[in-house]
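Thank you all for coming. I would like to take a few minutes to walk through one model with you, going from its sheets to its helices.

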Amino acid sequence: MSLRALATAAALGLSLFGVAFPAHAEKVKVTDVLGRTVEVEAPVQRVILGEGRQMYFVAALDREDPFKRVVGWRDDLPKADPDSYKAYLARYPQIAKIPTFGGIKDGAFDIEQAIALKPDVLLMNIESKVASDEAQLVDKLASLGIPVAYVDFREKPFQNTEPSMRLIGKLFGKEKLAEDFIAFRAAEIARVTDRLAKVKDLKRPLVMMERAGGYSDDCCMSFGNENFGKMVDIAGGKNFASDLIPGTFGTVNPEAVVASNPDVVIITGGNWGAYVPGGAWVGLGPGSDLIEARRKLVNLAQRPAFAQTKAVKDNRVHAIWHQFYNSPYQFVAIQEMAKWIHPELFKDIDAGATLKTLHERFLPLPYEPGYWVSLERK
């Protein structure tokens, strides 16, 4: 469909795929995660996703028809999470026709195309704010009556996940469902934190979190006090890099890892064939080949930073789906990590069952295993 046809469809109040929406939207003021007041006609009917992986939360709120509002999106989902994209494509083949954008931080966002799609709102991740400010993107769109709202599940997810879900719930007219999701997430995290709180003099094993291990030859990208670093703390461990990385993301020296001698090593992995074909990364995600994933994990454990550590000698090396870091599903990762960090305390916790329940209650796709793997066979 041409941009002219898309603009015509927008003027007629149609979705990208010809689905009419009821004309009962009204102007509402919402506050995004940066504290900006944004005026939007809600419920929104036409949305541009500043990142394709924002489908992780869109799907949870529009389970019956997750793409009905999406008139454009960034092109990252097929590259960063091809397994999820293929699953969505198989069920919703029309998504192949949704116009795509490059990243704002890459300078590849097509503002003219965005304008032609006449969105009710553009949803942006906060890590894109500096680049969008430099391009004056928000001001340019605002001058045309297109509001921008910022959400965050990546930079400070344990501060911003709940307000982000509430914001999207308000924009979509799905406030009750958003609160149901928030309550489910909180209850599943509490299954871990409540049990840890009852342990007198809790001993916290030292955990080395490696971000995207094997994505490059370098070692080691890691996490500070947020994201997976915070998940380690919530799961009852001590994050090795908390004192070394001042922000959410950073790198640590391999020699420092060796000297710290971590009790547990956890590596994030995904299917990154689009970025690093044949790379050493651990391929994880829905329906992934766990035999191949474990083979790669074994290889990564033999790198100089890890080979002589207590974690490797005790077979306490694990890999987990990287995209838990950029979605509202972090609670699933917390449960599995708690089991790795305190195996006796959480031996009855089944994170796979929790993830299956998440799919059954909130998501349009059926659950498939493949989100984590361990050095030790179970």
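This is a predicted model: local features need pLDDT of at least 70, side-chain atom pairs count only at pLDDT 80 or more; totals for chains, interfaces and linings use all residues.

Let me turn to another open sheet, in which five strands take the order E5-E4-E3-E6-E7 with parallel pairing. Strand E5 (100-101) and strand E7 (148-151) are at its edges with a single partner strand each, and so one side of each is left without a neighbour in the sheet. Within this sheet, strand E3, residues 47-49, and strand E4, residues 70-74, run parallel and are joined by three bridges, with Leu49 having Trp73 in E4 as its bridge partner. Helix H8, residues 157-172, lies across E3, strand E6 (121-125) and E7, and its direction makes an angle of about 145° with E7.

H8 also leads us to the helix packing. Its axis and that of helix H9, residues 175-197, come within 7 Å and cross at roughly 155°, which makes H8 roughly antiparallel to H9. The crossing is right-handed, and the residues that meet there include Phe158, Met165 and Arg166 from H8, and Ala178, Phe181, Ile182 and Arg185 from H9.

H9 packs in turn with H14, at an angle of about 10° and with the axes 9 Å apart, and these two helices are therefore roughly parallel to each other. Among the residues in this contact are Phe181, Phe184, Arg185 and Ile189 of H9, which meet a set in H14 that includes Phe331, Ile334 and Ala338; Phe181 and Arg185 were also among the H9 residues that meet H8.

How many of the 12 residues of H14 are buried? The number is 11, so H14 is largely enclosed by the rest of the structure, and the buried residues include Phe331, Ile334, Met337 and Trp340, but also Gln330, Gln335 and Glu336. As a check on its geometry, the 12 residues of H14 (330-341) should span 16 Å at 1.5 Å a residue, and the end C-alpha atoms are 16 Å apart, which agrees.

Finally, there is the hairpin formed by E1 and E2, with five residues between the strands and a positive phi of about 80° at Gly35 in the turn. Strand E1, residues 26-31, runs antiparallel to E2 and is joined to it by six bridges, with Lys27 standing opposite Glu41 in E2. In a regular strand the side chains alternate between the two faces of the sheet. Strand E2, residues 37-42, has Val38, Val40 and Ala42 on a covered face, and Thr37, Glu39 and Glu41 on an uncovered one.

Val30 has its place in strand E1, and at 7% relative accessibility it counts as buried. Beyond its neighbours within four places in sequence, Val30 is in contact with Arg36, Thr37 and Val38, and also with Leu167, Lys170 and Leu171.

Conventions. Residues are numbered from 1 along each chain as its sequence is written. Side-chain values use heavy atoms; hydrogens and water are left out. Two strands pair if DSSP finds at least two bridges between them. Helices (H or I, at least four residues) and strands (E, at least two) are DSSP runs, numbered from the N terminus. Contact means heavy atoms within 4.5 Å. Axes are lines fitted to C-alpha atoms, for helices over the stretch in contact, and angles run from 0 to 180 degrees between N-to-C directions. The expected span of a helix is 1.5 Å times one less than its number of residues. Buried means under 20% relative accessible area, exposed over 50%, partly exposed in between (1.4 Å probe, protein chains only). Angles under 35 degrees count as roughly parallel, over 145 as roughly antiparallel, 65 to 115 as roughly perpendicular and the rest as oblique. A crossing is left-handed if the near helix is turned anticlockwise from the far one by less than a right angle, and right-handed if clockwise.
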